[in-house]
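Q: I am new to this structure and would like to learn how to read it feature by feature. Could we begin with the overall picture and then turn to the details?

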Amino acid sequence: MEFDTIAAISTALGEGAIGIIRLSGDDAIAIADKLYDGKKRLEEVPSHSIVYGYIVDAPSGERVEEVMVSVMRAPRTFTREDVVEINCHGGLMSVNRVLHLCLKHGARLAEPGEFTKRAFLNGRIDLSQAEGVMDLIRAKTDRAMNVALNQMDGRLSKQIQILRQALLETVAHVEVNIDYPEYDAEQMTHGLLQEKAQFVIQEIDKLLATAAQGKILREGLSTVIVGRPNVGKSSLLNSLVHENKAIVTDIPGTTRDVIEEYVNVRGVPLRLVDTAGIRETEDIVERIGVERSREVLKKADLILLVLNYGEELSSEDEALFQAVEKMNVIVIVNKTDVKQKIDLEAVKKLAAGRPLITTSLLRDEGVDQLEQAISDLFFEGEIEGADVTYVSNTRHIALLEQAKTTIEDAMGAIEAGVPVDLVQIDITRTWELLGEIIGDSVQESLIDQLFSQFCLGK
Ligand code: GDP
Ligand code: ZN
């Protein structure tokens, strides 16, 4: 394929020590040569080498920047096109200036995600791998990063391809039987279809089983701290934030009226929401409104319900338990350093088998146990299997679910004795749906939309 040459700043904007301007396309090297002044012209340096020199502003010849330039010739590059990376060590100003010189000499400013899009269009990566790149950029914990890396590595693609191959062989087999009816194998065909459909359903189920965890790894476990005023909710939020690496996030649309913090608790990314206690009604109506706070609760993946060790259980506490009845709850009895007034047996009853942790946030006691409980709840005690392929992307999950429905339809039709050439329609549809995961048969508009979610310069 032929594309024009694009350029963008490919490091995070800001005070970074170095900035990289990346060029990709047929004219990448020629354009870079117009602004580069070094021992050799870039056209002459071998592929995959780095050279030292200056960026000059022709025609004045003024030296703008001292740079290191990497030259990588197609096809062994990320985009499969010629790629030049100009490493400047200046701040934002000089990086921008070099970028402008690239544009002045014929490059076009890349759209968000356009480098990755080219890698996809040039056949270097498939769509699920491209989405892996995107997830990697946003990964919040090491585990989340591993999920993205595996996806980028094509592990999901390989599994999808195995399934598609199985479906394709089935379809081919059916075609043969239709084309050569004298080769009477109707009976055998039904058996084979059933077997293949069963296999595909089973494998899709395995992938979908990882989806809930994968999604949480990707998006964070939305966690709400509830409790009566003064039980220690804010203290709990603070201690979780201070003991754990806070995760920097730039997710758009993060509302400011509800305080949100991302933290990494033993590999589980928590998105902590401090609702200021759903019983602090006067307060909360003012701050986020009753409806809003109920919504926040409903959407939560995990509730940390905090009680006061130094006070008797109240009807408000019991109302809280009712409000979170069917949810993932960890009960925390805080302030164990004060004189006990709470009836722990009664709390146990209310907790109804859900984890119960006692803490003194004042003395920094019990937080470890709490973190362990969070991690146990999430990973359900299983040691994270090295070769589990997590499906984490919402688009992939939706497609897998559709594919499952379609193949189940096919299965039902087979069992009902529907002629194979009709069953084949569902099988072909399943094959198409799985193909969309890796970018086969995806419409152009969808591709544009997906890649526009990338950061600039990726
Ligand atoms: P919130 O209203 O539920 O957010 O409660 P805060 O976190 O603001 O805490 C209320 C008060 O209880 C503050 O004065 C805290 O310092 C105090 N506090 C929090 N945790 C403990 C604890 O474990 N023991 C004692 N004695 N006081 C605590
Ligand atoms: Zn508070």
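Q: How many helices and strands does the chain have?
A: Helices (H or I, at least four residues) and strands (E, at least two) are DSSP runs, numbered from the N terminus; in this chain there are 17 helices and 13 strands. The model is predicted, so that local features need pLDDT of at least 70 and side-chain atom pairs count only at pLDDT 80 or more, while totals for chains, interfaces and linings use all residues. Residues are numbered from 1 along each chain as its sequence is written, and chains are lettered from A and ligands numbered from 1 in the order in which they are written.

Q: Which residues of α3 are buried?
A: A residue is buried if 20 or more other C-beta atoms, placed from the backbone, lie within 10 Å of its own. In helix α3, residues 114–121, seven of the eight residues are buried, namely E114, F115, T116, K117, R118, A119 and F120. Just after α3, G123 takes a positive phi of about 80°.

Q: With what is A32 in contact, leaving aside its neighbours within four places in sequence?
A: Two residues are in contact if their C-beta atoms, placed from the backbone, lie within 7 Å. By that rule A32 is in contact with L23, L42, V69, V84 and I86.

Q: Which helix gives the most to the shell around ligand 1?
A: A residue is near a molecule if its C-beta atom, placed from the backbone, lies within 6 Å of it. Here 16 residues surround ligand 1, and the closest are G232, K233, S234, S235 and L362; helix α9, residues 233–243, gives the most, with three residues.

Terms used: A residue is buried if 20 or more other C-beta atoms lie within 10 Å of its own, exposed if 12 or fewer, and partly exposed in between; C-beta atoms are placed from the backbone.
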